[in-house]
Number of protein chains: 4
Amino acid sequence: MTDKRLKIGVIGASGYTGADAVRLLAGHPHVEIAALTANAQAGKPYGALYPQFAGLDLPPLVKVEAVDWQDIDAVICGLPHSTAQDVIASLPEHLKIIDMSADFRLRDASVYADTYGRSHDAPDLLAEAVYGLSEHYRAAIAEARLVACPGCYPTAALTLLLPLVAAGLIDADDLIIDAKSGVTGAGRSLKEQNLFAEVAEGLHPYGVAAHRHAPEIEQEIALKAGAPVTVSFTPHLVPMNRGELLSVYARTRNGAKAADLKKALSSFYADNAFIRIVDDVPGTRHVRGSNFCLLAAFDDRIEGRVILFSTLDNLVKGSSGQAIQNLNIMFGLDENCGLRQQPLFP
Amino acid sequence: MTDKRLKIGVIGASGYTGADAVRLLAGHPHVEIAALTANAQAGKPYGALYPQFAGLDLPPLVKVEAVDWQDIDAVICGLPHSTAQDVIASLPEHLKIIDMSADFRLRDASVYADTYGRSHDAPDLLAEAVYGLSEHYRAAIAEARLVACPGCYPTAALTLLLPLVAAGLIDADDLIIDAKSGVTGAGRSLKEQNLFAEVAEGLHPYGVAAHRHAPEIEQEIALKAGAPVTVSFTPHLVPMNRGELLSVYARTRNGAKAADLKKALSSFYADNAFIRIVDDVPGTRHVRGSNFCLLAAFDDRIEGRVILFSTLDNLVKGSSGQAIQNLNIMFGLDENCGLRQQPLFP
Amino acid sequence: MTDKRLKIGVIGASGYTGADAVRLLAGHPHVEIAALTANAQAGKPYGALYPQFAGLDLPPLVKVEAVDWQDIDAVICGLPHSTAQDVIASLPEHLKIIDMSADFRLRDASVYADTYGRSHDAPDLLAEAVYGLSEHYRAAIAEARLVACPGCYPTAALTLLLPLVAAGLIDADDLIIDAKSGVTGAGRSLKEQNLFAEVAEGLHPYGVAAHRHAPEIEQEIALKAGAPVTVSFTPHLVPMNRGELLSVYARTRNGAKAADLKKALSSFYADNAFIRIVDDVPGTRHVRGSNFCLLAAFDDRIEGRVILFSTLDNLVKGSSGQAIQNLNIMFGLDENCGLRQQPLFP
Amino acid sequence: MTDKRLKIGVIGASGYTGADAVRLLAGHPHVEIAALTANAQAGKPYGALYPQFAGLDLPPLVKVEAVDWQDIDAVICGLPHSTAQDVIASLPEHLKIIDMSADFRLRDASVYADTYGRSHDAPDLLAEAVYGLSEHYRAAIAEARLVACPGCYPTAALTLLLPLVAAGLIDADDLIIDAKSGVTGAGRSLKEQNLFAEVAEGLHPYGVAAHRHAPEIEQEIALKAGAPVTVSFTPHLVPMNRGELLSVYARTRNGAKAADLKKALSSFYADNAFIRIVDDVPGTRHVRGSNFCLLAAFDDRIEGRVILFSTLDNLVKGSSGQAIQNLNIMFGLDENCGLRQQPLFP
């Protein structure tokens with residue numbers, strides 16, 4: 001790596017994932033933020049949207065059409081699903097693209113159509129896209145032009161479950177995933193249910209049996225299980241900004257115990273700095289603001305069952321942090337570069 | 001009912017459940033608060049502990065030994081488990097007792113010993129005590145001298161599950177209960193894990209596979225199932241004061257669907273003002289500060305599975321509110337008396 | 001008072017103040033909720049907007065034009081400022097009206113125009129309206145047809161300051177009011193600044209030197225001071241749902257001390273159940289969900305200065321509770337009727 | 001600067017300021033954490049107290065007496081006031097010491113005695129200590145062996161006020177400081193008032209006219225004003241973890257306006273990366289987790305008055321961050337080294 005910094009654009013920089021990408025990129029030693037787009041806010045300085053960055057020397061927000069891509073090496077795309085695909089299809093060939101939307105995560109266009117209620121506009125790109133679960137698809141990510149970063153819930157679920165399914169330690173067809181998330185998972189859009197007074201001092205499930213991250217989780221587990229899989233997946237909204245914890249209830253195979261599962265996870269992730277297997281119960285505050293994902297396993301009261309936990313910061317390892325991890329992989333940088341911030345607790 | 005008010009003592013009035021009993025009793029038209037005890041705080045006016053009540057005309061805190069019980073009709077006991085049993089054993093015979101501790105909930109003294117790590121000091125009272133799940137044991141409560149109010153989690157779990165198990169609609173041996181609770185469930189005791197900065201902006205499980213409410217839930221379900229039951233029960237701590245939501249993952253029997261379960265619940269609770277079966281996802285904020293318990297059922301993505309929810313305010317229906325409901329039943333008052341406050345939202 | 005219940009309509013029932021009026025009216029023994037309006041939500045059951053009330057027997061939401069006012073005795077109006085005046089002007093003469101908006105609070109139409117950026121459409125009604133600070137204008141409220149409930153900040157400020165200014169104990173021309181409020185003060189409208197993630201884990205001032213409640217505070221203090229008054233007033237947004245605390249920094253006159261001020265306040269509010277003068281520092285949690293307002297006074301480090309506090313629940317004493325208090329006064333009911341709920345803490 | 005890393009010890013590493021020092025030191029490129037002490041927790045790995053750091057290669061906690069100081073270059077001391085002075089007095093001469101306690105902040109031992117209710121055990125060290133307000137005492141800090149980091153409130157107050165008093169733009173004898181702080185300011189000690197349920201969904205003042213940071217603020221302003229000063233200082237506890245905002249109400253001199261004050265502040269802090277003068281209202285969330293301090297000024301409604309704001313993260317610029325900034329100054333490192341993390345929002 002020479003001293004020349006990579007020039008990075010952030011498309012859809014007005015949302016929370018875009019802002020967290022900017023936060024992390026601003027501290028990345030080999031990167032320069034060369035363009036920031038947000039069509040509805042074009043013309044404004046970025047600090048007008050996110051005053052915490054007013055002191056940084058950042059390019060102003062422009063429309064995506066107004067960017068001169070010639071000198072830019074890669075983009076991180078923080079657009080909402082459905083709008084990302086057309087924008088990405090319009091980008092020049094030389095750009096590497098790390099997409100944080102849901103548009104290129106589902107490998108099968110018909111599953112995409114069923115899940116998102118519209119046909120896919122860029123099926124060729126969909127076929128080309130690499131699923132960006134960093135620790136599992138490193139080699140393909142390194143070669144990819146377009147990487148689709150997994151959703152926050154799938155990142156937490158798959159980091160926990162893929163090695164266990166692959167090792168035959170748990171049943172893939174009786175997975176019950178009870179997920180809890182902070183509110184930033186819903187983005188910065190104006191919806192009544194995201195108002196402070198609707199969320200504070202309360203808790204509720206949402207998207208029961210119908211959340212769009214379930215097919216994504218199923219797709220990847222099925223690849224490891226070698227057969228179609230249906231999971232039970234129920235997210236809940238918790239009155240906090242960041243953080244996500246998945247409690248997974250599973251049946252073990254062949255008498256495997258929690259200790260066996262932890263050993264398998266520890267072995268699989270031995271050389272991965274961001275994935276930590278812990279003995280105590282993990283909490284979201286142990287990962288806040290960082291790119292870590294903590295995993296844990298306990299024997300259940302019911303014989304043959306285990307209780308598994310996976311926790312991460314939905315805006316970092318669940319989105320922007322993994323995006324930058326993939327950026328590092330794509331450009332041959334140290335994978336942890338710019339992502340070494342410790343969690344912020346309290 | 002004449003105009004004469006019942007004279008009620010609150011033993012262990014310094015904790016949150018004691019304070020919520022005072023809050024509700026202060027608005028109860030047929031009750032007078034005649035004694036308040038808290039041994040470590042004896043001598044103080046109650047408003048010194050709970051300034052919100054400084055304007056009420058309440059008796060000062062005294063030691064339990066200092067109370068003249070002669071004119072008192074009943075006590076609500078808010079002592080911690082293990083300390084309640086000796087105090088209750090020492091009370092005069094004429095008193096009706098509503099205990100909010102865990103000391104008289106487990107019908108079998110050996111299960112109590114296993115669960116709470118000590119032998120029971122008052123096995124005779126244990127045998128006499130009636131389990132105070134109001135909607136299920138009304139007749140026995142009406143005749144009881146000592147009522148053991150269920151734990152907050154068991155109240156939520158059993159209100160949801162007992163009618164379904166009794167009706168043979170769900171399997172009793174594959175119940176997975178993922179519980180989420182606000183912080184008041186831990187009481188007012190000084191523990192590092194209950195400090196604001198340890199809890200706010202975070203979420204974590206606790207008591208994994210080892211929470212003391214599991215045997216209580218199992219005991220009551222087993223009675224309905226007619227066989228021993230083991231449940232999977234995992235509580236999580238959520239950064240809010242009040243409220244509890246249980247997400248229960250169950251297998252149905254004989255092809256029963258969520259709609260069948262809702263019909264059974266609606267039928268069972270038809271004349272019970274505090275139990276409401278809802279169609280949308282329930283949230284803790286819909287019950288905050290009230291004696292309501294909301295139940296809901298949804299078909300899962302996995303065939304043959306359902307996702308069930310139960311939510312209540314842990315300090316009200318999960319503790320003090322149910323205690324007063326039982327008081328009303330024991331004295332032949334309108335069961336809803338003093339408990340008609342609507343939820344406080346936002 | 002006979003057993004006949006007053007029939008009350010709530011206009012603009014979709015907002016938080018409307019909902020809190022419903023919460024309190026539902027427990028009022030002499031009142032029946034006869035109409036609920038919300039133009040944008042007309043046709044929906046009220047429980048669709050506020051599920052906590054789904055179990056109550058309430059009329060469905062209708063447009064204000066669709067209400068048959070004939071049998072209705074009074075309305076509580078929870079519309080936003082600017083929209084309330086036209087609706088209120090259109091109501092039939094027989095209705096008593098308690099308006100919670102800002103439209104009839106400023107006695108001078110030109111001050112209204114300056115403050116709200118538009119001329120007043122109903123200056124005759126403005127002249128007729130009685131300022132509904134219950135404890136200070138009881139006699140006029142009792143005779144009024146139209147009562148303008150004070151803003152939440154003015155209620156807290158004036159309850160504290162009017163008796164002190166009237167008694168000549170403090171300077172009226174050097175009043176510094178630092179106000180802190182929960183988020184419900186901003187209503188249920190969709191604004192980015194009210195999103196959970198924008199508010200939680202943070203604090204900031206707003207409306208600096210320009211908040212619309214300042215002229216209202218000045219108007220009423222000037223009446224007592226007998227001369228125009230300008231106050232320093234700075235509100236801050238705090239990450240909580242309900243509650244408001246004003247810290248007022250004042251110079252005393254003639255060597256008056258905090259003790260003198262407390263004596264004057266205690267004397268003034270001697271027979272007023274909702275106003276309590278406390279010795280310890282008051283907190284918003286001591287009034288949450290209740291109609292209480294707590295006042296306190298301390299000598300400052302700077303000689304001749306005092307530090308004063310006033311706290312209330314912005315949705316109750318700061319809005320719906322005071323509205324119902326005024327309703328009680330207007331109809332000759334016990335002033336405290338329906339408002340005796342104790343604060344909800346924790 | 002060679003590649004050799006400074007060896008740093010953290011004394012009193014069990015509290016929140018100690019933990020935040022560890023967080024920041026862990027990312028400091030020229031520093032190695034060589035010792036961690038916490039007498040009551042000696043023997044434990046640091047990750048047992050702060051699981052977020054369990055993956056770091058840190059020395060275990062030891063008693064302060066057990067440290068071999070020989071190879072250590074400097075210590076950051078996070079002990080509580082009163083206990084710090086004896087420990088610091090016992091340290092070997094070669095160590096540079098950055099104390100975050102209150103023990104060496106007050107220059108006059110008699111003011112210390114009055115404020116902290118005990119005589120000072122190390123008056124010679126008190127005389128030697130340099131007040132560590134980095135931007136104001138850089139030269140002295142660079143030469144110091146013992147630096148006393150200012151309190152969190154004094155840092156916010158003095159950063160705002162010192163340049164304005166020095167420039168004669170505001171009166172020093174009518175300063176009213178209304179401070180609001182998150183809960184971590186109270187540390188990790190077990191006190192009922194710091195329990196989650198005591199703090200969440202509420203707000204209250206504390207230490208009214210008696211907070212220990214007032215004499216510290218007065219001491220430093222008096223030095224600039226050239227005369228004794230008494231300030232009005234009232235802190236409030238806000239339900240959030242981190243962050244502090246001071247609203248200061250001041251009279252200007254010679255007709256100065258807010259714009260003049262901002263110009264003076266901008267000029268004074270022109271080359272200081274961590275102090276930013278902003279035009280919009282600042283919020284604590286714009287500094288969370290960072291070493292920034294934001295300042296703002298507005299003209300008040302009252303002629304001749306201004307409303308000033310200062311906000312910082314109490315654990316960073318208000319404590320550990322400023323400690324590390326001082327460490328950098330003391331060892332001739334780039335002052336911003338290890339402190340460039342952007343704020344974490346949301």
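Mentor: Two residues are in contact if their C-beta atoms, placed from the backbone, lie within 7 Å. One thing to keep in mind is that this is a predicted model, where local features need pLDDT of at least 70, side-chain atom pairs count only at pLDDT 80 or more, and totals for chains, interfaces and linings use all residues. Residues are numbered from 1 along each chain as its sequence is written, while chains are lettered from A and ligands numbered from 1 in the order in which they are written.

Now find the domains, whose bounds come from an automatic or database domain assignment. In chain A, domain 1 covers 6–149 + 317–330, and domain 2 covers 153–314. Taken over C-alpha atoms, the centres of domain 1 and domain 2 of chain A are 24 Å apart. Where they touch, domain 1 of chain A puts in 18 residues and domain 2 of chain A puts in 23.

Let's stay on the domain 1 side. Two or more residues of that side come from each of α4 (109–116) and α11 (316–330) of chain A. The largest share belongs to α11(A), with 6 residues. (Helices are DSSP runs of H or I with at least four residues, strands are E runs of at least two, and the numbering starts at the N terminus.) Sorted by class, this side of domain 1 of chain A holds 6 nonpolar, 8 polar and 4 charged residues. Here Ala, Val, Leu, Ile, Met, Phe, Trp, Tyr, Cys and Pro are nonpolar, Asp, Glu, Lys and Arg are charged, and the others, Gly among them, are polar.

Chain A has 11 helices and 14 strands, and its C-alpha trace spans about 60 × 45 × 40 Å along the principal axes. Of the contacts in chain A with a separation of 6 or more, 70% join residues 24 or more positions apart.

There is also a meeting of chains.
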